[in-house]
Amino acid sequence: MLKKEIATVLDTSKSNGWVLEPDAKSILRSYGIAVPRFTWAANPEEALQFVRERGFPVVAKVVSPKILHKSDVGGVVTGIDNDEWLNDTFQAFSQMEGFAGMLVEEMVSGMELMIGAKMDEQFGPVILFGMGGTEVEIYKDTVLRMAPLKEQDVPSMIKNLKAHRLLEGYRGSKPVNREALTRALLSFSDLVMDIHEFIESIDLNPVLCSPEQCMVADARIMLIGR
Amino acid sequence: MNFRALFQPKTMAVIGVSLQNDQHPANVIFRKNHLRYPVKAFAVNPKGGSLQGETVFKKISNIPEKVDLAVIAARAEHAPDILSECIASGVGGAAVISGGFAEIGRNDLQETLVSMARKADFPFIGPNCLGIYAPSIVDSFFLPSERMVRPDQGNVAIVSQSGGILVDHMLKFKEEGIGLSLGVSIGNKAMIREIDLLKYLEKDPGTKVIAFYVEGFAKGEGRDFVLAAARCPKPVIVIKSGKSPGGSRAVSSHTASLAGDYKVFSQVLAQMGVVEAGDELELISFCEALSCYQTPIEGKIGIITGSGGHGAMAVDGCAAHGLLVPSLTTREQERIREDLSRSIKAIASLGNPIDLTGSAVDEDFISTARHLTTIPEIDCVLMLLLPYLPGITSDLGARLSSIYQKAGKALIAYVPHVEKFRMLIEGFELNGVPVSHSIEAAVLMAEALRRCQPC
């Protein structure tokens, strides 16, 4: 995506206060940050078209400017493996407040990490990295760095996590792809430096990291002046 | 901005002295500088007259010499006029001691001072502060001389938003034998802020360590400060107050919730190699250690003592701070053992921690310490000395210090801080080796050397 197009997305999302997930993922992709293959389906046919090309299983998520916390309202369904289920899911989502389509994307797996950003009053843009998933605020295993990140920041960020051994290969498991993780962090840092005037915070959570890849499974970009 | 007139003044004017009340802050400041410092002090009050036999000038412009530093201790509403007169008279800079500005809501009055000063490129400290303490040069604190505890002249500078914290730490510097190069209380920091003093002190040849007490930075100011601190070749130490979250702001994302203000502060400092002191004991220990050594270590600690308990406590302390205490090889232990005196040869345990036992004498500590300088697996030695052991003399401090100076390795001593052991302590301190008053503080000193690099 061109810078101008990102500015347009941010501008049109402003009244909503945050960027819809498909838009957020397009922005990430334009910075070279890996996201699962997805489509933003306006009708069941478009959803079915996606699985005909990519195959099952898929994840479906409701797209609505009124729904920030999708799983709280049953707006995320994983492991869909047939046409009927996909169609029923679309019908169910279409009843939800502010329905603006359905995100259909391929299922990816990996260790759940999190990458985030926040505009700090005293220090400007800062990057957060750590163990992700829904329990992030329980374990609080995260590190913070002032942006922009330099490549040499990444090893110390990983080392400073309590769970760093999990990333480095623990009890026979393979380590996560360090190069892909480094690339994701540095590209994210570039993005943050480019759009920091517009954002309040960003959550990429989970970022699914495996020995092969690091993919952003969910993205939330919160804008300033909400 | 040129800060020379502020911190190395040859002449000063104290503005706002009282002709009736000799306890007035301005009178205290005038008196102490007039009587005790080389700076030539002039008193100013619009009424004129005389104070302690010296002329009180009605106006700054009446002072017959060029004034380097003006200390303004008059009421806040007079400050703008006084400042403008200082600028017109070619004064070099000012410390505005008076309160009654932004801290009580008079931002307008404060802004007037700032805009006048900026236009004239006229540096001023404050307002609402104690100002400047430059050892053997000038002292703008309104605290009577007999009440103050003055540290020796040395190489640590402290910049503090709070005057009280600064004075208190000067007292602790004195207790611990840490020398001060400059103390500045910046109060409301209307014009001169932490980053300005960081840049000045970076170039100040008398300063090797720069410590800050910070309550908070303005928008974006923290960023500029840490970037400047990261570029500064001298160790920078920061202690922060106001760490607990203020109020319960609704947070919309995990990142916003996990990246609280203090957490960001602390981790960004570490990222940039700024040494954050968590509390006063850390601040004092870090200042003392870094005033002696400015080269970072990896944190591989050798421990030498005459008491097994001290060795074990130090090992626990090191472990808690992530410092390593590597075991010595059998071969290294044998080399050390060969040189020990006969009475302890069979009973000393040399694995690290090294316990030379209560029967050790000076020579045992010296030969062991010398061996450790040659072992690359050790980059810092903690020497825990119990001067009540009969074999230890007061000369040991100076003798050990000279070995480590030659070897270029960090040596940190622990000696109980009581008067009768003073000569032993000074043997270390006067030869550039820090001495802690507790095992915990000795470990913190090693921690400081490990932390003064980007994490």
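Biologist: Where along chain B does B:Lys219 sit?

Modeller: Heads-up: this is a predicted model, where local features need pLDDT of at least 70 and side-chain atom pairs count only at pLDDT 80 or more, while totals for chains, interfaces and linings use all residues. Residues are numbered from 1 along each chain as its sequence is written, and chains are lettered from A and ligands numbered from 1 in the order in which they are written. Helices (H or I, at least four residues) and strands (E, at least two) are DSSP runs, numbered from the N terminus. On that scheme, B:Lys219 is in the loop between strand E12 (209-214) and H7 of chain B.

Biologist: Is B:Lys219 buried or exposed?

Modeller: The call rests on counting other C-beta atoms, placed from the backbone, within 10 Å of a residue's own: 20 or more is buried, 12 or fewer is exposed, and in between is partly exposed. B:Lys219 has 11 such atoms, so the residue is exposed.

Biologist: How far is B:Lys219 from B:Gly99 in space?

Modeller: Along the sequence, these two are 120 residues apart. Going C-alpha to C-alpha, B:Lys219 and B:Gly99 are separated by 24 Å.

Biologist: What mean pLDDT does chain B get?

Modeller: pLDDT is the predictor's confidence in each residue, from 0 to 100. In chain B, 98% of the residues reach 70 or more. For the complex, the predictor gives a pTM of 0.93 and an ipTM of 0.91. The mean pLDDT of chain B is 95.

Biologist: Which helix gives the most residues to the side of chain B that touches chain A?

Modeller: Contact here is a C-beta to C-beta criterion (atoms placed from the backbone, within 7 Å), and it puts 22 residues of chain B against 26 residues of chain A. Helices H7 (221-231), H8 (254-258) and H9 (261-271) of chain B each give two or more residues to that side. The biggest giver, with six residues, is H9(B).

Biologist: How many residues on the side of chain B that touches chain A are charged?

Modeller: The classes are simple: Ala, Val, Leu, Ile, Met, Phe, Trp, Tyr, Cys and Pro are nonpolar, Asp, Glu, Lys and Arg are charged, and the others, Gly among them, are polar. That side of chain B has nine nonpolar and nine polar residues, and its charged ones number four.

Biologist: Within chain B, what distance separates the centres of domain 2 and domain 3?

Modeller: An automatic or database domain assignment supplies the bounds. For chain B that gives domain 1 (1-125), domain 2 (149-245 + 254-292) and domain 3 (296-451). Taken over C-alpha atoms, the centres of domains 2 and 3 of chain B are apart by 29 Å.

Biologist: Which element dominates the side of domain 2 of chain B that touches domain 3 of chain B?

Modeller: Eleven residues of domain 2 of chain B and 14 residues of domain 3 of chain B take part in the contact. By class, the domain 2 side has six nonpolar, two polar and three charged residues. The largest share of that side, eight residues, comes from helix H10 (residues 280-292) of chain B.

Biologist: Which residues have the most contacts inside the largest nonpolar core?

Modeller: A nonpolar core is a set of buried Ala, Val, Leu, Ile, Met, Phe, Trp, Tyr and Cys residues joined through C-beta atoms within 7 Å. The largest one has 230 residues, and its biggest share, nine residues, comes from helix H17 (residues 439-451) of chain B. The residues with the most contacts inside this core are B:Val14 and B:Ile72.

Biologist: What is omega for the peptide bond between B:Asn352 and B:Pro353?

Modeller: Most residues other than glycine have a negative phi, and most peptide bonds are trans. B:Asn352 has a positive phi near 85°, and this residue is buried, with 24 other C-beta atoms within 10 Å. The bond joining B:Asn352 to B:Pro353 is cis, with omega about 10°.

Key: Two residues are in contact if their C-beta atoms, placed from the backbone, lie within 7 Å.
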